[in-house]
Structures are given as structure tokens and as C-alpha cells.
Amino acid sequence: MRLRRYGLFANGVQITIKSPDFTSFTRQCKIPSANFTRIIYDTALKLFSDNWEMEKEVRALTVTAIDLTREKRAKQTSLFEAPTENGQAKEENLQAAIDKIRGKFGDKAVTNGSIIKTDIFKS
């Protein structure tokens with residue numbers, strides 16, 4: 001939401017994982033220019049699952065959007081894939097609507113359904 005509020009696009013995602021003994025390490029990867037929560041979340045989750053044993057405890061997890069730009073970088077298209085501008089426009093409209101609702105009613109007004117019945121979400 002902050003990226004969109006400031007008109008920024010992330011071109012990479014970085015995670016920092018800190019273990020209970022306070023050792024930490026960082027992993028990052030490039031992404032196509034994006035300011036959508038879903039793209040950043042999915043990338044961070046993949047980085048985490050690829051680089052951490054799920055049985056081990058985590059003291060802290062930090063997700064950072066990196067390589068920020070004011071303009072969206074051009075994406076090289078494939079000759080063999082159908083263009084996805086329509087899906088992109090729908091995602092932009094959805095994110096704008098969610099931002100507007102959260103701006104009016106607070107950050108917890110719209111949330112992922114998967115976290116509602118966990119200790120992450122406290123109403």
C-alpha cells in the first residue's frame with residue numbers, strides 16, 4: 001500500500017530471517033516492476049520456503065521491497081504468450097479499491113481470509 005501511495009514500483013524483494021539465537025541472513029531476488037501486494041507476498045513466501053527449513057523457529061522475518069523506481073520498467077514480452085494487460089488492469093483496479101477502503105476504514109477493513117482465525121489477526 002505504501003508503494004502505491006508514494007507512486008513507487010519495486011523491482012526486487014528481499015527477506016531477512018532472524019533465528020532465536022539472533023543469527024540472521026538475507027536473500028533477495030528480482031521481480032518485474034510491481035507495487036501489488038500479491039506479487040511481493042508470493043515472492044517473499046517463495047524466498048522463505050526455498051531458504052528456510054520449516055521445522056526451525058523464526059524470531060523475526062522482514063520483507064523489503066528493493067530497487068524502487070518512480071516509473072514502471074518495461075517488461076520484455078514473449079512471442080508465444082498472450083498479452084495480460086486485461087488481468088493487469090483488473091489487479092490495479094482491485095488494489096486501488098482495497099487501498100481506498102483501508103484509507104477510509106483502517107488497515108484491518110480488508111484482509112486475506114486465510115489469516116482471520118489465526119493469532120496474526122486480532123480484531
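Author: R4 has 16% relative accessibility, so R4 counts as buried; buried means under 20% relative accessible area, exposed over 50%, and partly exposed in between, with a 1.4 Å probe and protein chains only. This is a predicted model, where local features need pLDDT of at least 70 and side-chain atom pairs count only at pLDDT 80 or more, while totals for chains, interfaces and linings use all residues. Residues are numbered from 1 along each chain as its sequence is written, and side-chain values use heavy atoms, with hydrogens and water left out.

Reader: Where is R4 found, and which residues is R4 in contact with, leaving aside neighbours within four places in sequence?

Author: R4 is found in helix α1; helices (H or I, at least four residues) and strands (E, at least two) are DSSP runs, numbered from the N terminus. With those neighbours left aside, R4 is in contact with N35, F36, T37, Q95 and D99, where contact means heavy atoms within 4.5 Å.

Reader: Which residues of α2 are buried?

Author: An α-helix has 3.6 residues a turn, so residues three or four places apart point the same way. In α2, the buried residues are I40, T43, A44, L47 and F48. Down the axis of α2 they fall within an arc of 135°, so they line one face of the helix; the arc is that of the directions from the helix axis to the C-beta atoms.

Reader: What covers the buried residues of α2?

Author: The cover includes α1 (2-5), β1 (10-18), β2 (24-34) and β3 (60-66). I40, for one, touches L3, A10, V13, I31 and V63, not counting residues up to four places away in sequence.
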